[in-house]
Amino acid sequence: MSLGYAVDALARWLTGSEDPASWAIAVAVFAVFVAPILLVVFPIAALGQILERKVAAAVQRRHGPNSVGFDGVLRLAFRVCLFFLPRARQDRLLAAFCALPGIKGLLHLARRLGLGQLVADGVKMLGKEDMVPSGADGVVFRLAPYLALTGAFLPFCAMPFAHHLVMLEVPVSALYAIAVSGITVMALLMAGWGSGNKFSLLGGMRAVAQMVSYEIPVALAIAGVVLWSGTMDLHAIVGQQYQPGVLTFLGWNLLQSPFLALLAVVFFLAGLAECQRTPFDMAEAESELVSGFNTEYSGLRWGMFAMAEYTEMLLIGALFASLFLGGYQSPIGEQWIVTWPVWLESLAHLLLFVTKVLASFLLMMWIRWTLPRLRVDQVMRLCWLKLVPLCLLAMVGLAFTILLGNGTVPGTAYGRLPALPRLDLGVLGRLAAWALPLALAAILVVAARKRHGQLHPALRQLTGGSA
Amino acid sequence: MTPAGERMTLNLGPQHPATHGVLRIVIESDGEVVAACTPDHGYLHRSIEKIGECVEWPLFVPYTDRVDYVCAMNANLAYCVAVEKLLNTSAATAVQVPLRAECIRVLVAELNRISSHLIGVGAMAMDLGAYTPFMHGIAQRELVNDIFERLCGQRLTYNYVTIGGVGFDLYAGAEAEITRFFEQFEREMVRFNKLITTSTILRDRCAGVAPINAAEAVAWGLVGPNLRASGVDWDLRRDEPYGIYGQLGVRVPVGQAFAGKNGVVGDCFDRYLVRLLEIQESVRLCREVLKMLPPPADKPTDPVGGFQADVKRLLVKPPKGEVHCRTEAPRGEMGYYIVSDGTKVPYRVRVRTGSFTAAGIFHKVMRNIFLADVVAVIGSFDVVVPEIDR
């Protein structure tokens, strides 16, 4: 039973009628659709900020946040909840609570991980003044952060978190996801324009140029997967990657064809650009544009942009997992998980999905803290002269691969998908579908190496002669 | 290109994360392209030269720290060498710096050159969006600072080199500590270079950006690594040696279009890489000096094993006259022009610094380049604003 039905049932129960067009739908939609998204996505996005600081610290051999835990929050909770008791009594109770087995360890862990920063930063942002610069276009300026957050959160409505955890069953959810995430472009442009600041304006303009351009490789990469799967429904795409047997991961799109692997790489790179991460963080470009489009923002509005950025990263990770890494499915032994009770199955799926998303998340952070930023023209050149042609090449290759009889859609655990017409050349076709693209890739790599030439001897010597 | 009236004026600095302090550059931008720019200096002017006319000879040394606080040892050294040159103009006041002091001077100057260049290349990488190399560079700089702190009690403004020698002798175990530092430092630099120097993005960002050819570099008075990056083989430590540099055989790296495919001699990448090569050379020089360091003598003024010639009496009545003395600081020639009227206070102290001339060519090279390149160019020249304004 999917949650979509739950909404229906809830609406009927609330209104006492079969008429779905009722106010209760709105309430139900919020309770059942939006609240779970916020409950799953929001904490992960918030945790992402701590994670980012920890990853940065690890890359730079620092400690990162390691002192702020939940001690203060705990004390505050005791003070507030037990306000009717004298202070000494509260302290004794607090001490008794802390003496419970495991509590001290948990508090220590929270401190070491700097988890309290979530609360501290939240309170800090709430406490800051909500400033609108005198030269700003007030309405546009104020509206932009909400739009950014909306654009980042909406695609999650159609995201299959688990087989039974899809908020909205949209038959074209892949299209829906990229369509609504496009709202973010508008938000960044509004922020850049509305701030009345030249650096913001440049940042906003860069954001628009970049995100509009990079939406094309993203869309093309998704289109490649759609071609392969024969469906635009993310949930069906995930289901189609199901492989019976123990080694479920062999069914993942990433491993189905070299062209799909290429599309995965392109999707990830273009996704990085879509969420404005280094090496594509043109719109923020701290050392050039101060802080780019969000230079003038402070407090909670700035926080919304930060949250939107991390949510966008989650979105790219979630799409990547769904399109190429089998979505919520386990890498091994998925066939057993589907036989578990629904709640346990959903929980396992959700955890697996979050794990895969976090893997992309960590990869994005690692990249950010390792690479320098590209220049504006280089970003554009990469998109139009490298990624888009690669996508088109991969699309043509995929089409031929499918025609040659590869990529037979296996039966999913939950039913079969309609088969596409095939030109079956048997083993020969399958072999060619792998050998030809790999040979092509080898030629391309050799050509690229030749064109870029060798490192200067001085550079090789500086890197210990092994560059 | 849009006509002048439709261009946008952009104030880069004085408060901007990429301008290394309070450098201000007024950019006339045509969208992302910089049509023209005007550097505006003077935000960090502290009248250091005027102060020089008001304090006694040895008391000016702490002020030289503030001329370039990223390499205060070299700044101390430049002034002290100049005053010694002045004293040596008369046989009556000639000063003989002890050999051990000379060795220590080279040691601290080269160590400080290393830590200064680490800031230079690290900050440039940071300007290009890579924050991590900067942190790794800073970590190594901190280790140098640890050594300096044990040597003279300071981590930034050392006030260590004095007229006639150095302030203190090396602490016990300093040689071993410096040797140990170099061992891990060389490993770290290999990691640093693998992380950022060989990065294709960095080379693509810097290759062919703001190239300055040798003739231009000389004509605009560039000095130090910025001059050498343009292919001019000139280093005062080798060509006009002071102290014991003459005995060390300094090897001078020059720009050779290191970036590869799109590289031009004298582009941003050459300026970046010449600094990294100089770091290597400095490590070698320090090792040489450690080999020839004489053992300490009981008497501080001992001509071989001492660390400080007795100049107190000489500085009360130095010879009249003027002297210009230049030394090779990390940011290029640091020249002191000193006029003495024979009293215990200098008549005039004039400082000529590398960042000053580097800032002079900004408006010429920052034309028709991308806005993002502007920060790369500033970073590649490694200017330190207090050195421009003084």
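How many helices and strands are there in chain A? Colour chain A by secondary structure to find out: there are 19 helices and 0 strands. Keep in mind as you go that this is a predicted model. Its scores are ipTM 0.81 and pTM 0.82.

**Stop 1: chain A as a whole**

Chain A has 467 residues, and 40% of them count as buried. Now think about contacts in chain A with a separation of 6 or more: residues 24 or more positions apart account for 78% of these.

Next, select residues 258-274 of chain A, which form helix α12. This helix has 17 residues and reaches 24 Å from its first C-alpha to its last, close to the 24 Å expected at 1.5 Å a residue. Is α12(A) enclosed by the rest of the structure or open? It is largely enclosed, because 15 of its 17 residues are buried. Just after the helix, click on Gln276(A), where phi is positive at about 60°.

**Stop 2: the nonpolar core**

Stay with Phe267(A) for a moment. Leaving out residues up to four places away in sequence, Phe267(A) touches Val218(A), Ala221(A), Phe320(A) and Leu323(A). Show these together, then widen the view to the largest nonpolar core, which has 222 residues. The members that touch the most others are Ala148(A), Leu263(A), Val266(A), Phe267(A) and Val377(B).

**Stop 3: where the two chains touch**

Which helices of chain A supply at least two residues each to the side that touches chain B? Select α13 (286-289), α17 (376-403) and α19 (457-462) of chain A. Across the whole interface, 31 residues of chain A are in contact with 37 residues of chain B. Colour the chain A side by class and you will find 13 nonpolar, 10 polar and 8 charged residues.

**Stop 4: a sheet in chain B**

Move over to chain B, where the average pLDDT is 87 and 98% of the residues score at least 70. Look for an open sheet of 4 strands in the order β1-β2-β3-β9, with antiparallel pairing. The edge strands are β1 and β9 (369-370), each of which pairs on one side only.

Zoom in on β2, residues 24-30 of chain B. In a regular strand the side chains alternate between the two faces of the sheet. Here the covered face of β2(B) holds Ile25(B), Ile27(B) and Ser29(B), while Arg24(B), Val26(B), Glu28(B) and Asp30(B) are on the uncovered one.

Then look to either side of β2(B):

- β1 (residues 8-12) of chain B pairs with β2(B) in the antiparallel sense over 5 bridges. Met8(B) stands opposite Ser29(B), and Thr9(B) has Glu28(B) as its bridge partner.
- β3 (residues 33-40) of chain B also pairs with β2(B) in the antiparallel sense, over 7 bridges. In this strand, Ala36(B) is the bridge partner of Glu28(B).

β2(B) and β3(B) form a hairpin with 2 residues between them. Select Gly31(B) in the turn to see a positive phi of about 70°.

**Stop 5: helix α5 of chain B**

Select residues 131-152 of chain B, helix α5. Its end C-alpha atoms are 31 Å apart, which agrees with the 32 Å that its 22 residues should span at 1.5 Å a residue. Among its buried residues are Tyr131(B), Phe134(B), His136(B), Arg141(B), Val144(B) and Phe148(B). Gly153(B) follows the helix, with a positive phi near 85°.

**Stop 6**

Most residues other than glycine have a negative phi, and most peptide bonds are trans.

Asn368(B) lies in the loop between α13 (362-365) and β9 of chain B, and its phi is positive at about 55°. Asn368(B) counts as exposed because 12 other C-beta atoms lie within 10 Å.

Asp382(B), in the loop between α14 (371-381) and α15 (385-389) of chain B, also has a positive phi, near 55°. Is Asp382(B) buried or exposed? It counts as buried, because it has 27 C-beta neighbours inside 10 Å.

Finish at Lys344(B), in the loop between β7 (332-340) and β8 (348-352) of chain B. With 14 C-beta neighbours inside 10 Å, Lys344(B) counts as partly exposed. Beyond its neighbours within four places in sequence, Lys344(B) is in contact with Glu56(B), Trp57(B), Leu315(B) and Val316(B).

Notes:
Residues numbered from 1 in each chain as written. Chains lettered and ligands numbered in written order. Predicted model: local features only at pLDDT ≥ 70, side-chain atom pairs only at ≥ 80, totals over all residues. Contact = placed C-beta atoms within 7 Å. Nonpolar A, V, L, I, M, F, W, Y, C, P; charged D, E, K, R; others polar. pLDDT = per-residue confidence, 0-100. Buried ≥ 20, exposed ≤ 12 C-beta atoms within 10 Å, placed from the backbone. Expected span 1.5 Å × (residues − 1). Pairing = 2+ DSSP bridges. Core = buried A, V, L, I, M, F, W, Y, C linked by C-beta atoms within 7 Å.
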